[in-house]
Amino acid sequence: MTHIAHIELDDANLPPPTPEIEQERRVAMFDLMEENSFSLPNRDDRPLPKGPYNLGLSIREKRLVFDVSTEGHEKAAEFHLSLSPFRQVVKDYFQICKSYFDAVKTLPPSQIETIDMARRGIHNEGARILQERLEGKAEVDDATARRLFTLICVLHFGG
């Protein structure tokens with residue numbers, strides 16, 4: 001497996017994120033750059049440019065766009081995914097995140113832990129959906145899928 005060396009979110013046309021959403025984005029970006037696994041499978045016996053890759057994520061015409069290039073800026077792939085399979089899990093994720101951020105301010109640790117476990121479960125579901133949607137287009141491990149799902153949520157927040 002190879003990896004993502006640089007990631008760029010095209011959020012120029014989105015409303016400004018809340019401080020909590022901005023924090024989620026910073027953590028996901030940092031963690032993704034620290035460690036990730038991303039590769040492009042061969043298609044039709046055509047060799048693809050090898051990574052490491054630069055990844056651009058955006059939402060265009062209500063579709064999630066992965067724009068993949070090599071470190072030398074050679075186009076490697078571009079694929080568009082429907083946002084429909086993500087809508088409910090993103091909505092659930094934001095609701096549970098709001099509960100979590102509110103809980104951290106007032107609730108005891110045992111209740112915060114319960115909410116955090118639910119948050120992780122929803123996050124894992126979003127990562128699983130992403131891996132399914134990427135099948136045949138890109139291969140990512142579980143941790144990378146989780147971090148990318150967080151970034152999709154950030155884009156979806158204003159998309």
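With which side chain does the side chain of Glu24 make a polar contact? The side chain of Glu24 makes this contact with the side chain of Tyr93, at 3.0 Å. A polar contact is a pair of N or O atoms within 3.5 Å; within protein, one must be able to donate a hydrogen and the other to accept it, and residues adjacent in sequence count only if both atoms are side-chain atoms.

This is a predicted model, in which local features need pLDDT of at least 70 and side-chain atom pairs count only at pLDDT 80 or more, while totals for chains, interfaces and linings use all residues. Residues are numbered from 1 along each chain as its sequence is written, and side-chain values use heavy atoms, with hydrogens and water left out.

Glu24 is found in helix H1. Helices (H or I, at least four residues) and strands (E, at least two) are DSSP runs, numbered from the N terminus. Glu24 is buried, with a relative accessible area of 17%; buried means under 20% relative accessible area with a 1.4 Å probe and protein chains only. Not counting residues up to four places away in sequence, Glu24 touches Tyr93, Phe101, Arg119 and Thr150, where contact means heavy atoms within 4.5 Å.

Next comes the largest pocket. Its lining consists of 16 residues, and Glu24, Val27, Tyr93, His123 and Thr150 lie nearest its centre. The elements that give two or more residues to this lining are helices H1 (19-34), H2 (84-106), H3 (109-134) and H4 (142-158). H1 gives the most, with 6 residues. A pocket is, on a 1 Å grid over the protein atoms alone, an open set of points where a 1.4 Å probe fits, with protein on both sides within 12 Å along at least five of seven lines; lining residues have an atom within 4 Å of a point.

The strands remain. E3 (residues 53-60) and E4 pair in the antiparallel sense over 8 bridges, and E4 (residues 63-70) pairs with E5 (residues 75-82), also antiparallel, over 7 bridges. Strands pair if DSSP finds at least two bridges between them. In the hairpin of E3 and E4, with 2 residues between the strands, Glu61 takes a positive phi near 50°. Arg60 stands opposite Arg63 in E4. In the hairpin of E4 and E5, with 4 residues between the strands, His73 takes a positive phi near 70°. Asp67 stands opposite Glu78 in E5, and the bridge partner of Leu64 in E5 is Leu81. E4 is largely enclosed by the rest of the structure, because 6 of its 8 residues are buried.

Note on methods:
Buried < 20%, exposed > 50% of the residue type's maximum accessible area, 1.4 Å probe, protein only.
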